[in-house]
Amino acid sequence: MRFLPALTRAAALGAATILAATALTACGDDSSSDATANPYGLAQAGVLRAGTLTDAPPNVYLKDGKFTGFDNDLLTAVAGKLGLTVEFVGTDFSALLSQVNNRKFDVGSSSITITEARKKTVDFGNGYDFGYFGLDVPAGSPITSFDQLAGKRVVVVQGTVQDDYATGKQLNPVRVPDYNGAINQLKAGTADAWIAPAEIGEKSATDSNGKITVAAKQLSPAPTAYAVAKGGDRLREALNKGLDEVIADGTWSRLQAQYYPGRPIPADFAPGSGAVKVSAASATPTGPATPAVPSASASAAS
């Protein structure tokens, strides 16, 4: 009879072991199920939440309450290749990269130029576009080139590659939060020049009724790309794959022609991985049928 307590304890231990193993198996199943349903680790399975801007045509902007532009229409096409829908949310560029890395957004879509400094905050996919710097000045200004900016009051949008350029040239720029702030500085005569994404600078000059002119343009030193959180390799690789697919099927070319009609593509620029051939424009539209903003010869780059 003395053996009964020992047997009882053994049975209890055995049952506990079985229950623990069952619980672990169940947890493993849940994890496996989550990975299958949400392989890219998105905040919401099946939805790509993208941080973007509202005021930077033709790349990213709001039109009739809808986020559009070259970058955003391209991202929508890329996401479609992955079976995802895109939810765009407006933000300030100065906060965008940190918001992506903090996973407030799954991806940043705002003509973001790849730089070594930015790589410390986020990871980048393959480049999908190129851009130019524009130099906007008040009408009648004697400034005609970038090398005349020393000692001048130069305005830039905070956190942009134009900010990096001006800082690198030791211009001590005046930083504003958005493009409208820069335009207002020129119109008010409180800035001598604005280093802008060229496309935005050209449109701003056109819309200024002669108060602003474009003095010069120059090619940006690096391509633009979508940004994801550090370590978000699965999403980054999937976006790269989708980008190659929309390059191959002609969507990239169609959007280039739609938003930048007549703009030449630099001979040494290859979008995506560079392993796929750039196809002619697709006959099946995946976005607006006509350019939503006045065309110009150079693209924006932040």
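Author: A search of the whole structure finds 1 cavity of 30 Å³ or more. A cavity here is a set of points, on a 1 Å grid over the protein atoms alone, where a 1.4 Å probe fits but cannot get out, and lining residues have an atom within 4 Å of a point. The model is predicted: local features need pLDDT of at least 70, side-chain atom pairs count only at pLDDT 80 or more, and totals for chains, interfaces and linings use all residues. Residues are numbered from 1 along each chain as its sequence is written, and side-chain values use heavy atoms, with hydrogens and water left out.

The largest cavity holds about 40 Å³ of space, a volume being the space filled by probe spheres set on the points, which are joined across faces, edges and corners. Its lining consists of Val78, Gly125, Asn126, Tyr226, Leu239, Asn240 and Leu243. By class, that lining has 4 nonpolar, 3 polar and no charged residues; Ala, Val, Leu, Ile, Met, Phe, Trp, Tyr, Cys and Pro count as nonpolar, Asp, Glu, Lys and Arg as charged, and the others, Gly among them, as polar. H7 gives the most to the lining, with 3 residues. Helices are DSSP runs of H or I with at least four residues, numbered from the N terminus.

H7 (residues 233-248) also packs on H2: their axes come within 8 Å and cross at roughly 105 degrees. Axes are lines fitted to C-alpha atoms, for helices over the stretch in contact, and angles run from 0 to 180 degrees between N-to-C directions. H2 and H7 are therefore roughly perpendicular to each other, a term for angles of 65 to 115 degrees, while those over 145 count as roughly antiparallel. Leu74, Leu75, Ala77, Val78 and Lys81 of H2 make the contact with Leu239, Gly242, Leu243, Glu245 and Val246 of H7, where contact means heavy atoms within 4.5 Å. This contact has 7 nonpolar, 1 polar and 2 charged residues.

On the H2 side, Phe70, Asp73, Leu74 and Ala77 meet Thr251, Trp252, Leu255, Gln256, Gln258 and Tyr259 of H8. The contact of H2 with H8 has 6 nonpolar, 3 polar and 1 charged residues.

Note on methods:
Helix = DSSP H or I, 4+ residues; strand = E, 2+ residues; numbered from the N terminus. Parallel < 35°, antiparallel > 145°, perpendicular 65-115°, else oblique. 1 Å grid on protein atoms, 1.4 Å probe; cavity = no way out; pocket = protein on both sides within 12 Å on 5 of 7 lines; lining within 4 Å.
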